[in-house]
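Here are some exercises to work through with the structure open beside you. Try each task before reading its solution.

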Amino acid sequence: MGRRRGAGRNWAVAAAIGLAGPLVAVPAAADEQGTEPAGRVEWGACPEEVAAEAPGMECGLVPVPLDHSDPGGAQIEIMVSRLASQNPDERRGVLMFNPGGPGGSGLTMPADLVSRGLPAEVADSYDLIGMDTRGVGYSAPISCGFTDEQDYRGAIPPYAVDDAAVVDQAAAAEAVAAQCADNDRDDRLRHVSTANMARDLDLIREALGEPKTSFYGASYGTALGAAYASMFPERSDRIVLDSNIGDTHLDHEGMRRYGLGAEETFPDFARWAAERHDEYGLGESEEEVRQTYFALAGRLDETPADTAGGPVDGSLFRLSTFVGLYSELSYPVTAQAWQELLASDPAAAGELPDGTPDTGGAAPGARPATDAGLSPHDNTWSVFLAVTCNDVEWPEDVDTYRRSVAEDRERYPLFGAASANAMPCASWSSGPSEPPVEVLDEGPSNVLIVQNRRDPVTPHLGGVLLDEKFGQRSRLVSVDGSGHGVYVNGDNACAQDVTTAFLVGGDLPEQDTSCPA
């Protein structure tokens with residue numbers, strides 16, 4: 001996580017959160033394992049921004065229906081990328097990737113994971129396929145028109161200090177929903193959903209000439225992978241779901257689990273900071289560091305810090321701390337930010353982290369330049385809202401959010417009054433066009449669920465819930481680790497070995513597994 005000077009609202013950018021059958025015939029399988037399938041994707045050079053970030057990859061376009069219920073109607077194009085296997089004798093098929101969000105670009109993800117240490121035997125076994133899912137980046141992008149001047153802080157609602165703040169946020173969320181509807185000039189917004197993205201995956205599989213596809217999804221990508229494995233079970237090969245939200249969609253209860261994740265993960269940061277009290281002065285014990293958090297948040301609620309980059313209030317402080325829990329790599333800059341705010345050093349506090357963790361979970365990747373005046377996060381935020389609000393019905397009554405905030409302020413005092421707060425989904429004009437995808441427990445046993453026991457945004461409970469829904473189709477690997485992201489992005493050798501063995505050899509553990517630290 002880098003240090004930069006910017007507006008106060010950029011001090012913490014939010015991290016991160018029907019047709020059951022096929023629409024096309026299954027293509028003929030390749031003659032034998034190790035041969036190149038007869039696909040229909042015309043591979044060529046990737047866009048300049050993608051090539052600069054991930055040289056050596058090739059890109060292509062796959063047409064899909066805007067509305068899958070009208071396959072002969074308007075079409076959009078999905079941009080996909082490929083890092084081809086360099087060992088034809090070992091190649092078994094394709095492995096698709098999704099980095100999460102929803103709204104994260106996955107075009108550079110194959111090269112990113114290889115650079116982070118994806119085992120060579122995995123890269124040999126598959127053509128690694130990245131993509132911008134519909135609505136994202138180079139794939140018929142959508143926009144709610146968010147600008148840099150607009151006081152919008154992304155996916156997670158602001159922390160509600162009292163009941164009146166919930167009412168205020170409900171009104172602000174309603175305005176955001178109306179803004180998204182007003183900016184939907186090409187009727188794309190209502191078609192951006194997890195179910196439609198899963199249908200796109202199957203058309204991409206067909207265009208690649210493959211009878212099946214393997215899949216790795218992180219964070220929200222677990223919802224997409226779970227949806228694909230449920231909608232197209234016989235076309236799913238080996239599915240790895242890393243850092244799970246618990247279902248095929250994020251709903252109000254799923255968002256509230258952010259509060260649980262913060263409570264479970266914060267002690268790791270507090271212990272780290274206490275061991276370095278001489279350097280940062282945040283407290284000599286976990287409890288003292290926790291009390292420092294509440295004292296500083298309360299002070300900023302009353303009097304925002306007038307920093308060189310703009311005002312930092314208690315809501316921004318809590319959000320930045322929450323995002324700082326994504327990875328231990330973020331602990332030093334998070335602790336330094338606390339230290340500078342405690343010291344009331346406006347000049348220093350103006351150069352604070354932007355709140356975007358470098359974990360690989362929901363990294364935006366290379367994407368086209370935004371229109372003048374729009375926030376660089378406009379597309380990511382817009383897709384997050386579209387998918388989240390289109391997937392499932394959200395409570396519309398502000399009293400529901402008032403009750404949720406009051407409950408979670410007590411049980412999850414670190415962050416519960418933020419994640420339980422009102423979302424634009426409460427006022428979303430289109431609403432779900434179909435029920436959310438139900439996790440299917442009938443089908444091949446080909447789903448590996450990997451999950452840290454302490455994860456701020458996708459707590460361990462999410463992995464447990466999804467494993468229960470899949471039944472005998474899945475196995476859960478629980479890692480005694482902290483932060484967001486396990487495979488490749490983590491450093492647990494046990495989880496690495498189990499996941500690699502599954503992807504390369506199909507070795508699904510006989511039972512759920514616990515990996516020690």
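Predicted model: local features only at pLDDT ≥ 70, side-chain atom pairs only at ≥ 80, totals over all residues.

**Exercise 1.** Work out which hand the disulfide of Cys494 and Cys515 has, and which parts of the chain it ties together.

*Solution.* Start with the bond: the sulfur atoms of Cys494 and Cys515 are 2.0 Å apart. Next, take the torsion about the S-S bond, which is about -60°, so this disulfide is left-handed. Then place the two ends: Cys494 lies in helix H17 and Cys515 in strand E14, so the link ties together parts 21 residues apart in sequence.

**Exercise 2.** Decide whether Cys494 and Cys515 are buried, partly exposed or exposed.

*Solution.* Buried means under 20% relative accessible area, and exposed means over 50%. Cys494 has 26%, so Cys494 is partly exposed. Cys515 has 2%, so Cys515 is buried.

**Exercise 3.** Classify the aromatic pair of Tyr228 and Phe232.

*Solution.* First check the centres: they are 5.2 Å apart, and rings pair within 6.5 Å. Now turn to the planes, with 35° between them. Stacked needs under 30 degrees and edge-to-face over 60, so the pair of Tyr228 and Phe232 is tilted. Tyr228 and Phe232 are both buried.

**Exercise 4.** Describe the largest cavity and its lining.

*Solution.* Begin with the space, about 110 Å³. The lining has 15 residues, and among the closest to the centre are Ser193, Asn390 and Glu434. By type, the lining divides into five nonpolar, seven polar and three charged residues. Finally, helices H5 and H13 each supply at least two lining residues.

Technical notes. Residues numbered from 1 in each chain as written. Heavy atoms only, no water. 1 Å grid on protein atoms, 1.4 Å probe; cavity = no way out; pocket = protein on both sides within 12 Å on 5 of 7 lines; lining within 4 Å. Points joined across faces, edges and corners; volume = space filled by probe spheres on them. Helix = DSSP H or I, 4+ residues; strand = E, 2+ residues; numbered from the N terminus. Nonpolar A, V, L, I, M, F, W, Y, C, P; charged D, E, K, R; others polar. Phe/Tyr/Trp six-rings, centres within 6.5 Å; stacked < 30°, edge-to-face > 60°. Buried < 20%, exposed > 50% of the residue type's maximum accessible area, 1.4 Å probe, protein only. Disulfide = S-S within 2.5 Å.
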